[in-house]
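Trainee: I want to learn how to read a fold from its features. Can we go through one feature at a time?

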Amino acid sequence: MTNSSTDEPGPLLGPADIRELAATLGVRPTKQKGQNFVIDANTVRRIVRTAEVRPDDVVVEVGPGLGSLTLALLETADRVTAVEIDDLLAAALPATVEARLPERAGRFALVHSDAMKVTELPGPPPTALVANLPYNVAVPVLLHMLATFPTIERTLVMVQAEVADRLAARPGNKVYGVPSVKANWYAEVKRAGAIGRNVFWPAPNVDSGLVSLVRRDKPLETTASRDEVFAAVDAAFAQRRKTLRSALAGWAGSAAAAEAALVAAGVSPQARGESLTVEEFARIAEHKEAAAQ
């Protein structure tokens, strides 16, 4: 079966390009950094399509690595800003963009930093986040970016399949937990496909999944702050097997105060965290102070 012209890598990186780049730079992907480079041009194009990247989008990418996804994003988006923590990779990426997509190089910016510490980006505010997130920091990085850049409307991240399931889980699902609730604070979350192991180098020993997050049109209506709601969420899931009356006792000041907040919020004190929506957690947080008095 021959490739159609649309499947040709063109300026994108194929397996040989990735290995050659890595060898030139002396880069060896490390487990410690959760690095697995995508070596398949069709996969990165599929990610860009699934992310619905538009010609007017300003995309932020976290962990661009050798630039596979970066180049595919640059082909479509108005601008791309990549955030890379690794010294070698950060130093090499602008040259890769210049060599393979010279006509778009002026629309690319690199931020050499830890994504968890980024509080501003060069150029216009980002409208989309598209990233192959390092497995070991995927959830904290995703939540940090959504919190820090409220202009990000659409997000598509590739993460370990198990993390994808957790992020997209609904109340009542056994993998529903802190990441599910916190992601829901910002966005409508859903699974957006699976990614095989053979599109990576080195091939990971876990499957990967795509997660789509579309920011809520209006923020959640609540008088509680995000930090107050998230504190209730953390407390509820810190002791998953306990009823909310017990699990929230430390957070509320006592089991009786937790029960009062739950009843006032219209939530059964015998319920467990995994059965609650983010809206219910917000209501519980709203009633904490009144219950403690």
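Mentor: Begin with pairing: two strands pair if DSSP finds at least two bridges between them. Helices (H or I, at least four residues) and strands (E, at least two) are DSSP runs, numbered from the N terminus. This is a predicted model, where local features need pLDDT of at least 70 and side-chain atom pairs count only at pLDDT 80 or more, while totals for chains, interfaces and linings use all residues. Residues are numbered from 1 along each chain as its sequence is written, and side-chain values use heavy atoms, leaving out hydrogens and water.

Trainee: How many bridges join S7 to S9, and do they run parallel or antiparallel?

Mentor: Strands of a sheet pair through backbone hydrogen bonds, either parallel or antiparallel. Here S7 and S9 run antiparallel, joined by seven bridges. Within S9, Leu213 stands opposite Val189.

Trainee: In what order do the strands of the open sheet come?

Mentor: The order is S4-S3-S2-S5-S6-S9-S7, seven strands with mixed pairing. S4 (108-112) and S7 (187-195) are the edge strands; each has a single partner, so one side of each has no neighbour in the sheet. On average, neighbouring strands are turned by 20 degrees against each other, direction ignored. Helix H7 (residues 178-186) packs on this sheet and touches S7 and S9. Its direction makes about 120 degrees with that of S7. Contact means heavy atoms within 4.5 Å. Axes are lines fitted to C-alpha atoms, for helices over the stretch in contact, and angles run from 0 to 180 degrees between N-to-C directions.

Trainee: At what angle do helix H8 and helix H12 pack?

Mentor: Two packed helices are described by the angle between their axes and the distance between the axes. For H8 (residues 226-238) and H12 (residues 278-286), the angle is about 105 degrees and the axes are 8 Å apart. That makes H8 roughly perpendicular to H12 (65 to 115 degrees counts as roughly perpendicular). H8 contributes Glu228, Val229, Ala232, Val233, Ala236 and Phe237 to the contact, and H12 contributes Phe281, Ala282 and Ala285. Eight of these residues are nonpolar, none is polar and one is charged. Ala, Val, Leu, Ile, Met, Phe, Trp, Tyr, Cys and Pro count as nonpolar, Asp, Glu, Lys and Arg as charged, and the others, Gly among them, as polar.

Trainee: Does Asp57 count as buried or exposed?

Mentor: Buried means under 20% relative accessible area, exposed over 50%, partly exposed in between (1.4 Å probe, protein chains only). Asp57 counts as buried because its relative accessibility is 2%. The residue sits in the loop between helix H2 (41-50) and strand S2 (58-62).

Trainee: What does the side chain of Asp57 reach at 2.7 Å?

Mentor: It reaches the backbone nitrogen of Arg54. Not counting residues up to four places away in sequence, Asp57 touches several residues, including Glu52, Asp78 and Arg79.

Trainee: What is the phi of Glu52?

Mentor: Glu52 has a positive phi of about 55 degrees, although it is not a glycine. Glu52 lies in the loop between H2 and S2. At 53% relative accessibility, Glu52 is exposed.

Trainee: Where is Asp86 placed?

Mentor: Asp86 is in the loop between strand S3 (79-84) and helix H4 (87-100). Its relative accessibility is 11%, so Asp86 counts as buried. The Asp86 side chain reaches the backbone nitrogen of Leu88 at 3.0 Å.

Trainee: Which residues does a cis peptide bond join?

Mentor: Trp201 and Pro202, with omega about -10 degrees. Pro202 lies in the loop between strand S8 (200-201) and strand S9 (208-215).

Terms used. Polar contact = N/O pair within 3.5 Å; in protein donor to acceptor, adjacent residues only side chain to side chain. Parallel < 35°, antiparallel > 145°, perpendicular 65-115°, else oblique.
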